Amino acid sequence: MDIRLENLTKTFSNKDRQVETIAVNNFSFTIPSGHLAGLLGPSGCGKSTTLFLLAGLLEPTSGKIFFGDEDVTALPPEKRGIGLVFQNYALYPHMSVYDNIAFPLRNSKSFREQHKDARERKSEIDRIVQETAKIVAIEELLDRKPAQLSGGQQQRVAIARAIAKKPKVLLLDEPLSNLDARLRIQTREEIRRIQQATGITTVFVTHDQEEAMSITDEIIIMKDGIIQQIAQPQETYIHPANVFVAQFLGNPPINLIDVSICDGWIILNDRKTVKTKLQDGNYKMGIRPESFALGTQDSEEAVAATVVYKATIGRDFQVRFNINGRLCEALIESDSRIETGDNVFFTMKRSGVHLFSTDGEREEIW
Ligand code: ATP
């Protein structure tokens with residue numbers, strides 16, 4: 001079932017109604033059926049507000065939400081057919097894992113109406129609990145209490161509870177932030193596997209770019225309640241729509257340099273380097289640390305620079321130098337011969353060079 005937002009807006013005003021925050025500013029997009037979409041952006045950009053609007057926990061100021069062909073904008077949460085998983089799994093501590101998963105089914109009016117006979121209902125619940133436990137790989141844990149589980153296992157129980165009712169849409173709000181680094185990676189892969197196994201259209205809120213990059217079909221990147229880019233993860237990295245997206249994605253971050261283009265050439269450290277089709281003028285150039293390599297004076301499109309810092313990081317050298325007065329960082333293969341103080345020539349991978357308008361709002365195709 002696809003999810004469609006039409007001009008969705010949510011504003012909050014303070015008590016005296018003077019300051020207004022536009023938490024969600026005129027969102028219109030569709031998440032295709034069966035996709036896992038990530039809402040990504042810094043704190044306060046409106047991710048949770050968007051999720052709460054989808055869940056029906058908040059009412060939009062204007063605009064509409066459709067699940068498939070159905071306009072759900074005015075429906076309360078329990079009528080939307082959603083599964084919700086929050087950061088704090090909110091499992092019932094006194095109940096076993098089995099009962100935690102069964103609880104929403106036992107309490108569902110529509111489920112009771114569908115299965116009127118108590119014995120039949122009990123066996124149907126048992127079938128669903130076993131089936132769901134198998135999907136999230138917790139069959140062995142059904143008799144335990146939540147306190148007897150690891151964080152990752154608790155999160156899987158929370159997901160099992162959310163999907164047992166066969167929701168049309170699964171909404172996950174920072175579901176991994178309570179887990180340690182290793183468990184986060186394991187559990188995010190697990191979430192992707194479960195999502196693909198069930199085919200439920202899923203929206204996943206995170207502020208962690210790596211998390212969003214690794215498991216989503218598309219990323220919706222937001223800032224101050226405004227959508228910056230919606231694209232497949234790889235696309236947002238290769239073709240960031242603006243400087244904000246370019247800077248938000250990638251670790252270490254992209255280098256940003258003020259450049260001018262003369263006769264079509266990008267001038268870096270007083271040297272004509274890369275030839276473009278762009279009009280002469282001023283631009284912002286972004287280049288990712290891993291897009292530099294060591295060249296020679298004769299290398300095409302090489303920039304001359306003096307190394308001011310070098311350190312070894314895993315397999316690479318982290319190298320710093322100035323371009324057009326800006327300190328830049330490169331990750332260079334550690335079999336290169338390079339030392340602090342060396343005057344060197346760096347070549348740049350063309351696919352790693354991005355040019356933006358000087359206000360940073362627009363990527364220029366060069
Ligand atoms: P985080 O990553 O910190 O959870 P977020 O991206 O989920 O942030 P939201 O919680 O959606 O951001 O908040 C978006 C904006 O709306 C923020 O400026 C926030 O202060 C504001 N906001 C959220 N809820 C309310 C509210 N109930 N009343 C007033 N302002 C609110």
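Residues are numbered from 1 along each chain as its sequence is written, and side-chain values use heavy atoms, with hydrogens and water left out. Because the model is predicted, local features need pLDDT of at least 70 and side-chain atom pairs count only at pLDDT 80 or more, while totals for chains, interfaces and linings use all residues.

**Exercise 1.** Describe the shell around the ligand and the polar atoms that approach the ligand.

*Solution.* 
- Step 1: list the residues with a heavy atom within 4 Å of the ligand. They are F12, T21, A23, P42, S43, G44, C45, G46, K47, S48 and T49.
- Step 2: sort them by type. Four are nonpolar, six polar and one charged, with Ala, Val, Leu, Ile, Met, Phe, Trp, Tyr, Cys and Pro counted as nonpolar, Asp, Glu, Lys and Arg as charged, and the others, Gly among them, as polar.
- Step 3: β2 (20-31) and α1 (47-55) each supply at least two shell residues; α1 gives the most, with three.
- Step 4: look for polar contacts, pairs of N or O atoms within 3.5 Å. Ligand oxygen atoms lie 2.6 Å from a polar side-chain atom of S43, 3.1 Å from a polar backbone atom of C45 and 2.5 Å from a side-chain N or O atom of T49.
- Step 5: check the cover. The protein buries 57% of the 630 Å² that the ligand exposes when taken alone, by the Shrake-Rupley method with a 1.4 Å probe.

**Exercise 2.** Work out how domain 1 and domain 2 meet.

*Solution.* 
- Step 1: the domain assignment, automatic or from a database, gives domain 1 (3-240) and domain 2 (255-364). Their C-alpha centres are 41 Å apart.
- Step 2: with contact taken as heavy atoms within 4.5 Å, four residues of domain 1 touch five of domain 2.
- Step 3: the two domains bury about 440 Å² between them, 41% of it on carbon and sulfur atoms; this is the accessible area (1.4 Å probe) lost on being put together, summed over both. Y237, I238 and P240 supply 87% of the domain 1 share, more than any other three residues.

Methods
Near = heavy atom within 4 Å. Polar contact = N/O pair within 3.5 Å; in protein donor to acceptor, adjacent residues only side chain to side chain. Helix = DSSP H or I, 4+ residues; strand = E, 2+ residues; numbered from the N terminus.
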